Amino acid sequence: MTAADVPQTSAEAEAAEAVAGVLAGLAGLATRRGPGGMATRDGPDGLAGLAGGRHRGVVVDSPPGAGKSALVVRATVDLAMAGEPVMVVAQTNGQVDDLTDRLALAAPRLAIGRLSAADYVPTPRVLRHLTVSVAQQAGDLAACPVIVATAAKWATLADGIWPWAVIDEAYQMRSDMLLRIAGRFERALFVGDPGQLDPFSTVESDRWLGLAWDPMQSAVAALLRNNPGIPVHRLPVSWRLPATAVPVVGEAFYPFTGFRSGTAPQQRRLEFATRGFAAWSADEPIETAAASGWALYELPARHTVRTDAEAVVACAALAERILQRGAVSFSERAPSGELVTADRIAIGTAHRDQARAVRSQLGELSVAGVTVDTANRLQGREFDVTIVLHPLSGRVDATAFHLEAGRLCVLTSRHRHACIVVARAGIPELLDAHPSTEPVHLNVPAKFPDGWEANQAVMAHLSRHRVRA
Amino acid sequence: MSTLTALARARAVASAVAQPISTVRHVHVSDRPLVLIPLALAGEASAPLAAMVGDDPGSARLLVVAQPRNRDQRFAFAAGLATVILGYIDTFRSAVEDASSGADREPRQRFADAPQVLVPNRAGIGFVRLLGRSTRFRRSDGEYAVDPAVPVLGRWLTFLAERAEYPGSCLLLAATEALALHWASGQSPVEDLNLAALLGWVDPPSGMTGPEAAAAAEDPLTCPPAGPATDPTFDNEVLAPLIAACARADGDAAAHRAEASLRAALSGQLTPTWKLMWRAVGLLRGLPPGGRVAPRWDADKDAFTGYVTYLGEGGPPQPRRDSAVAAARRLDWLERAQAGYAIQRALDDPLVMAEYRMTGEAFAGTVTAAEPGRIDGTGRRRKLRPLITVTTEDPVRIEAGTVLSTPGRPGQKALVVSVYAGRPARVVLELSGGMGRALIPVPGSVPEVGDRLCYTALSDSYQRSWPFPAREQTPWTHGGPPPEYVPADEDASEVWS
Amino acid sequence: MTIEARLDHIRGAVPPRNHNARTIAALTSNPGCARRAIMDAAGVDKQRLASCAGFPAPFGQSQFAITRGNAFEAQVKANGCAELLRLLREGLGLPLPEVSYADLEEVGGNTSRELRHSRTRGLLARAAASGADAGTLFDHPLLRLAVAGQQVYLEPDLIAFRLHGQFHVVEMKSFAVIDGQADGDKVAAAATQSAVYVLALRELLAGEGYGPDTVSHEAVLVCPENFSNAPVATLVDVRKQLTVLRRQLSRLEHIDSLVELLPPGLTLDLKADEAGVAGRPPAELAGAIRTVPARYVPECLATCEMCYFCREEARGATATLGRDVRDDLGAVETVHAALGLADGTLDPADDLAEAAAMLQVAARLRREALGGTA
Amino acid sequence: MDEIERTIERLRAEVRRAAVSGDRTRARAMRAELREAERAWDESLARLEERPPASLGSAPVDQPGPLLPVREQVHQALTLLGTPAAQRLIIAVHEAFFGSPLAAARLTSLRRDEERSFRAAPYSRPYYLCTALTADLLAPARGLLAVSTWPIERRVIGPLSPRVNYLEAAIRVAESLLRMPKPSQAAERLLRRFAANIPGAADGARPKDPHLVVAAAHAELEIHSAEDGSVRREAAARARARLDDAEQLFGSRMRVIPRTGTGA
């Protein structure tokens, strides 16, 4: 992603231009602070997407791996350097620590405050920076032009107003959370990936449906419905997804906007140090994936419990085999290739018990270091190779949960080189038999992409890379 | 739904009678609930057709609208309903009790009991909500004046309907849901929405099996629907002619006759459900209440007291929709209540806790080793930290480092030191708290070898809620501060037809 | 024997039931059910069939609802759609002059469908052609749609309306919109029906050489507001419904693959006499129906006239307890098997081993809590 | 009594069963029996109370019978409106301005009766209640009544005419309201309903000022009248040329392939 700093290819130029556009927009807003620090006057026409005027925010949609974090870091640093104190908002402590780390690296002389809850234990990547101070009271960080914290922590503040907020993973934040922190800032940059999982609630209630301020929708949805004029920028280039993945993911999950790959078809390659045996069933799928970027490892059709042992074993075996074969990845980062180690492999599932089952299976194979988690927790992460236990595998029928587009999108867009989907046969039939009985609510914007459609699209593509077990 | 409940349903099929899915009662059942069975006219948003209501199984009050499309008659109906319901509510506005909880808090009083309204099903709750919406903005003066009791009724119905969204509240209950919370039938949840069918499974009439009773309950002729929707063939073949007869009745006598036969027909539709409702009440009363039912009812009494006060102070009717802040705040309440309610039921009821044991979030087992006197000397001062090992058949899915507690010992925390997952699984726990101040545990405060215990990460300890902006400080991201509510003419005049 | 001929034979000696937006929308409610697909493709009168087989469906419409619906529609359309025009002006910014109105319910007193359809076609084509923004209301245009290879007429209860070069479907429903909200299932049904009309309109205009964009994917839903009769209009995005419909209709095109699986000579004919009294023994009829595989789920109870028949047939299957229950029973198919596995009286085939393990834990936990029983 | 009561119960059940099973013939038969039993029940009750039984179908007592024959009443209403109008509007107008409500039942057969009497003895009456004609096919326009003495132009319905008629009717209603010393509630309500659907005619929920309605209606008429007028004139000319007298009043029933259609 730092590649975007020195434009070389047209993709890089395009991406850099987009980022510049956003930053220009922010600068435009920043410079137009009236007395009292309220940015309310109309912007000059030149500014990207600000013709609407009178708005106090900018939204940036970012497809998977399009340099979202890089943008957050640059915007924060730019604003801070321009003398505008910034509150940086992320959703989890993990995300906050990552951002803190990246900010400290990007601006070594910038004093950064890490605001945290009482039970927070600072991680090494936070502690290693002398410029970062950790505190539980915002008051103790008054000297820091940049303060980073989770939205939940920001919500505990009763006073203090920052001229700027930079909100990361804004599509994962719920509208009611934004309501609680919005009093703390005057203007904000919202950055996030619209294709990922929506925030959810443990309660089911229709009472707010149709309201522009429905507390259950995402923060960005609420922001845009209440402030239609707010400009929405898009980062056009994915630096993570290989050329083989972009058309699939784009068509299925970003049907209206789409995006392009930052790398050329041959720039990413996956090769194996050792040869496989035809006998060993795990070899064919990983070789297919290495060659085409995708593989569908199809187990015989069967209705199973959620923790389908065969599927679990298959997932673990594939990970093990990739390591055994000494997979080497060639990319713009490592043109001469680098070994795909366990920490570069992830196994994604829909349910927690499935992840647990896979973990214990890996334990029995004594394979260590492979990340195994649910879609929710894999959001925002990146690996070389991912193995996905398809949410619909072995099911008798689909539910809204298993069909949710965001879930499949997260699972199939974490990889830099290849993605292997493990599934029981029969998913297309299941989708065709799926009754469309979801209620429709007035004045609630229809959600796109539709999970059912997205699943159809992905399965249609995967069927071209099918390997039967 | 869970595997345990699913299994119970399967058993119900096999044994032809509903199966228990709880060992205690999780809802409060008043000594004097008010049963309300509304019927609505098909095709209209909320056009009351009739209602059977009362707090005495022996004497049901039947309210009928002879011309459901006639605005005046609708409000007459609302006024009639108001006398019954407000009269009932009033009986709870005398006796008070002391509610000052916690040493620090100043003494507080609340009403000693609260009204409880029972409707047959969720749709009944929906009807209460809509009737409340269509009446609470009315005015007793001006061009569209209505009986002063009508808008008050509207506010109370709205209060009850909103309270019914609140997990664990029992001010307004749907009989089908209260039953389904305690019994699993041998049919699908969709079919459980039919009160008669569900009761047929839970408590089949003598000489009938559950499925037989449920099948009989599906014939609208022998067993009319529990409302608010009526059976179409009843509408077309019985109701329509009778209503027409009322319309053209010539002279008082004829009018009286016509209305009498209309009342008779509607009473015929309502009475069976009336009986079922009280049977349901009886069945629920038969269950022993869970330990945390009373405290939850106290919360309902607080809510009731609060609304009485609010009305007394002349507060305006509930708004049509929540403002941004109100919505966020309500969602926060609901999510807390939801979590609390789930946990409380688990702590009250081993069969509900079993659901968590099934998913590995809790486990029950026998203490197979104990070091009651173990001292942790690593810190600055020595601490009493007994170790116990619990052996269990349950599928344990709790990682080391988690802090657990057990229903019997609220004051005591148990830190998971290590887990040997297998069958049986062994979990080593480090205990803290609830053992007295000394370095020797108070006798009985540390589980002994052979004790059987259930440990879980669930706890209903109170988590503090963080502040919301004031209504007038609604941020720009959410449309800024909403306008204050001012009763408008349209509110009162909105045609109800 | 052509597929049409076989479907006719299956239906028997009665004219096929007319399709309308509602019946076509219903195709999406349980697309996995071959029985329903075949009956719908053959135009079988399911209501009649079910009751002749001894399982009359629990459906029926109250005349109060019907009256209310008609009254509302009449009121909205009264005086050249005066009320509708106001809504379109307020809601869609329809400018003042755009108010011409064409009634397609009959053609010069003639109500023949062919005539009405060709006239509809003519007028719509003309409107599409006129570059001028002829913002016309077309009342009761008679449309056609290909269902299972046959052109069926859609008895329309809608108005097509053209503005800024785009046609919109206007659908009138008598369920209330209260404070901006309406029953989600009713809106969904309305949306799917509108989608049927959008599809049919697009098909018609495609025949005249116009692209799909000529018909907007946003339908105008007109309902009574709050507790009054005053209409309110809301735009409903029906893109999702369109994709689903297209897919299911295209699957009906391949109905032959389903028909081939049926015993040759199968017929569901009721052998009715002149008076319309069915002469065929229920048992024999039921036997014939059973040869067509069904996929019963409790949701059918709300959507399919065959529901009671299929439910009875499916007794003992975990599916009758609902999707979630079957799911929680580890997708075991029958109640008998589930209990057998739970109690260990049935030893599981290897593909059920996990389900068995899970069910046995559940059984043990219930025993512990309830003491022996259950 | 109890005997009848039981019969009624039984019959009701059987009718409903028949209805569910879709057995229309049986349902019809049962229904007839049921009504008979109900009547018997009603009468015996009445006898008990020694009162005359309710004569079915009789109009409610509080409504006085019409002073004029229905065709006169309709004529009154149409003359006030000055444009072809549908039943509902005619009834509303009559109630608003001439007090007595009109029995809808009587209206349905009206047009047919008029046509019959005209064909029997043309022009023997001062006026006939006839239909409006569709501009394209000169066929009877559904549900619209008009007066024979009007020029055909006024009775022709082109694409814009429904709106034009609506606006003109609004003007006439407003003007008649102004002429009334003390307008009736019904009249006010009627005007309100018109105003609600004419941009600029209603200030707030309830227009008090008929002048405003007249002005607004005229403003919108401006936009349509020219085009609508030419359509009407062309159609009227065609009607005079092609149709015989009866057809000119009651519309042609020619089975033509529509001039405007592209054909099947």
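What percentage of the 497 residues of chain B count as buried? In this predicted model, the share of the residues of chain B that count as buried is 47%.

## Chain B on its own

Chain B contains 14 helices and 17 strands, and its C-alpha trace spans about 95 × 60 × 45 Å when it is laid along its principal axes. Contacts within the chain can also be sorted by how far apart the partners lie in the sequence: of those in chain B between residues at least 6 apart, 64% join residues that are at least 24 apart.

The domain assignment of chain B gives two stretches, with domain 1 covering 3-324 and domain 2 covering 362-456. The C-alpha centres of domain 1 of chain B and domain 2 of chain B are separated by 47 Å.

## How the chains meet

Five pairs of chains are in contact, and among these pairs it is chains B and C that share the most contacts. Chains A and D, by contrast, do not touch, since the nearest C-alpha atoms of chain A and chain D are 24 Å apart.

Where chains B and C meet, 44 residues of chain B are in contact with 40 residues of chain C. On the side of chain B that touches chain C, at least two residues each are supplied by α1 (3-15), β1 (19-20), α3 (122-135), α6 (189-192), α9 (232-248) and α13 (350-359) of chain B. The element that gives the most to this side is α1(B), with 10 residues. Sorted by class, the side of chain B that touches chain C is made up of 23 nonpolar, 11 polar and 10 charged residues.

## Two helices crossing in chain D

Two packed helices are described by the distance between their axes together with the angle between those axes. In chain D, the axes of helix α4 (residues 87-98) and helix α9 (residues 185-196) come within 7 Å and cross at roughly 135 degrees.

By class, the contact of α4(D) with α9(D) has seven nonpolar residues, one charged residue and no polar residues.

Note on methods
Residues are numbered from 1 along each chain as its sequence is written. Chains are lettered from A and ligands numbered from 1 in the order in which they are written. This is a predicted model: local features need pLDDT of at least 70, side-chain atom pairs count only at pLDDT 80 or more; totals for chains, interfaces and linings use all residues. Two residues are in contact if their C-beta atoms, placed from the backbone, lie within 7 Å. Domain bounds come from an automatic or database domain assignment. Helices (H or I, at least four residues) and strands (E, at least two) are DSSP runs, numbered from the N terminus. Ala, Val, Leu, Ile, Met, Phe, Trp, Tyr, Cys and Pro count as nonpolar, Asp, Glu, Lys and Arg as charged, and the others, Gly among them, as polar. Axes are lines fitted to C-alpha atoms, for helices over the stretch in contact, and angles run from 0 to 180 degrees between N-to-C directions. A residue is buried if 20 or more other C-beta atoms lie within 10 Å of its own, exposed if 12 or fewer, and partly exposed in between; C-beta atoms are placed from the backbone.
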